[in-house]
Amino acid sequence: MADDTFWQDAEQHLIRYGGGFTPRVIARAAGSYVYDEQDRAILDFTSGQMSAVLGHSHPEVVRTVTESISTLDHLYSGMLSRPVVELARRLAISLPGSLERMQLLSTGGEANEAAIKMAKLATGRYEVVALDRSWHGMTTGAAGATFSAGRHGYGPPPVGNLTLPAPDAYRSPFRHPDGSHDWETELEYGFATLDRQSSGSLAACLVEPILSSGGILELPDGYLARLHEKCGERGMLLVVDEAQTGLGRTGTMYAVERDGVVPDIITLSKTLGAGLPVAVVVTTAEIEERCHERGHLFFTTHSSDPLAAAVALTVLDVVERDGLAHRARVLGKELGDRLLDLRDRYDVVGDVRGRGLLQGVELVTDKESKTPADALGRAVTSAALDLGLHINIVQLPGLGGVIRMAPPLTIAEDELHHGVDLLEQAIVGALKG
């Protein structure tokens with residue numbers, strides 16, 4: 001099929017579901033690269049959709065999928081297979097605290113949907129709190145707790161969705177006398193406002209340790225612990241969404257480990273499947289028992305699919321065996337140092353933030369004004385693709401273009417540095433253009 005015919009057919013027959021499509025026809029992928037139909041290599045600094053922590057076509061994942069699809073792939077959702085129970089056991093061992101009851105699902109949105117329903121049922125309440133730059137999914141309950149985008153034009157969201165201010169150290173108006181971010185006062189202010197809005201039926205607070213679609217906002221050290229305390233004071237459950245931060249990406253197996261916090265419910269997705277549709281919701285025995293006694297229902301077509309469980313077990317094996325969490329911490333330091341160097345040398349690189357191999361840079365017109373540089377962000381993204389680097393730009397009202405970077409945990413050191421070199425070339429080219 002000729003390229004012009006391909007794009008004509010795409011325009012005629014595809015529903016556009018979020019901006020435009022990348023102007024390349026992708027033919028294959030391997031390791032840290034995807035390749036278009038002209039066999040031009042594109043260094044994948046987003047791990048697909050922030051998911052492929054083992055890179056593309058990892059041989060052990062390929063082997064698992066090949067064996068499982070030929071023997072045991074999908075079952076009636078009420079049937080169990082050994083891979084599903086083994087995955088539940090392995091996750092219970094690897095997760096902190098008493099998180100030991102699992103349901104296997106397909107997507108992050110679906111897992112968050114299940115978590116929200118369990119929190120409502122367990123508490124007997126209905127209000128769900130999220131940060132005001134959150135992204136938790138596109139299904140109704142998860143979308144109701146998503147505030148970074150997608151809220152306009154669809155009618156009323158579920159009743160009871162409330163917000164706390166996302167802690168943006170770069171742009172927050174809450175400051176100590178020395179100019180540093182006063183997140184403690186910001187959180188206190190947020191809860192004071194929340195308490196006035198609430199009808200007294202707080203069920204859950206759903207948060208990401210790093211708000212990726214919110215512009216790579218990392219929760220400050222100590223924030224999650226204080227949030228947990230405040231949730232406990234109000235009798236609501238803390239639900240942590242580790243779709244992008246789980247399985248080693250931030251330098252620990254799970255991002256909550258840095259904070260020493262054990263949430264009431266945790267959801268894992270993207271990274272757990274390393275690019276394939278795998279997700280879980282995991283909670284305590286106490287919460288699961290209470291939900292079961294109250295008739296919890298979340299019976300979906302692909303719940304407990306053995307193929308998904310087998311893939312997740314393989315990902316766990318590789319991440320643990322190859323020490324990929326430690327590798328993400330080491331390479332993340334190298335990535336961060338390179339990005340900080342760009343910040344020091346270019347006035348349009350306003351801020352660098354993130355942890356491990358989930359980092360971002362915010363582009364501005366200049367450091368003094370911090371004026372959002374939307375057009376520059378788009379130009380850098382386009383220039384990077386022309387140079388052979390795929391990055392993702394987050395553009396939200398009031399922000400500069402935030403370039404998200406989440407390369408595979410298996411990326412070679414020279415590939416990582418090559419990606420930053422290409423990013424710098426793209427910034428220089430966009431400024432000249």
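Is Arg338 buried or exposed? Arg338 is buried, with a relative accessible area of 19%; buried means under 20% relative accessible area, exposed over 50%, and partly exposed in between, with a 1.4 Å probe and protein chains only.

## Basis of the model

This is a predicted model, in which local features need pLDDT of at least 70 and side-chain atom pairs count only at pLDDT 80 or more, while totals for chains, interfaces and linings use all residues. Residues are numbered from 1 along each chain as its sequence is written, and side-chain values use heavy atoms, with hydrogens and water left out.

## Overall form

The chain holds 15 helices and 17 strands. These are DSSP runs numbered from the N terminus (helices: H or I, at least four residues; strands: E, at least two). The C-alpha atoms fill a box of roughly 65 × 60 × 45 Å along the principal axes.

Of the 433 residues, 55% are buried. Among contacts (heavy atoms within 4.5 Å) with a separation of 6 or more, 72% are between residues 24 or more positions apart. The accessible surface comes to about 18,700 Å², of which 54% belongs to carbon and sulfur atoms. Accessible areas come from the Shrake-Rupley method with a 1.4 Å probe, and for residues only the protein chains shown count as cover.

## Surroundings of Arg338

Arg338 lies in helix 13 (residues 324-345). Leaving aside residues up to four places away in sequence, Arg338 touches His417, Val420 and Asp421. Asp44 is 294 residues from Arg338 along the chain, and their C-alpha atoms are separated by 18 Å.

## Strand 10

Strand 10 (residues 237-241) is mostly covered, with five of its five residues buried. In a regular strand the side chains alternate between the two faces of the sheet. Leu237, Val239 and Asp241 are on one side of strand 10, Leu238 and Val240 are on the other, and all are buried.

Strand 10 pairs in the parallel sense with strand 7 (residues 202-207) over four bridges, and with strand 11 (residues 265-268), also parallel, over three bridges. Two strands pair if DSSP finds at least two bridges between them. Val240 is the bridge partner of Val207 and has Ile266 as its partner in strand 11.

## Strand 14

Six of the six residues of strand 14 (residues 358-363) are buried, so this strand is largely enclosed by the rest of the structure. Leu358, Gly360 and Glu362 point one way, Gln359, Val361 and Leu363 the other way, and all are buried.

Strand 14 pairs in the antiparallel sense with strand 13 (residues 349-355) over six bridges and with strand 17 (residues 401-405) over five bridges. Glu362 stands opposite Asp351 and opposite Val402 in strand 17. The hairpin of strand 13 and strand 14 has two residues between the strands, and Gly356 takes a positive phi near 60° there.

## A nonpolar surface patch

Phe6, Trp7, Leu14, Tyr17 and Phe21 form a nonpolar patch on the surface, with about 520 Å² of accessible area together. Patches are made of residues with over 30% relative accessible area and no salt bridge; like charges are joined within 9 Å, and nonpolar side chains (Val, Leu, Ile, Met, Phe, Trp, Tyr) within 5 Å. A salt bridge is a side-chain nitrogen of Lys or Arg within 4 Å of a carboxyl oxygen of Asp or Glu.

Leu14 sits in the loop between helix 1 (3-13) and strand 1 (26-30). Leu14 is partly exposed, with a relative accessible area of 46%.
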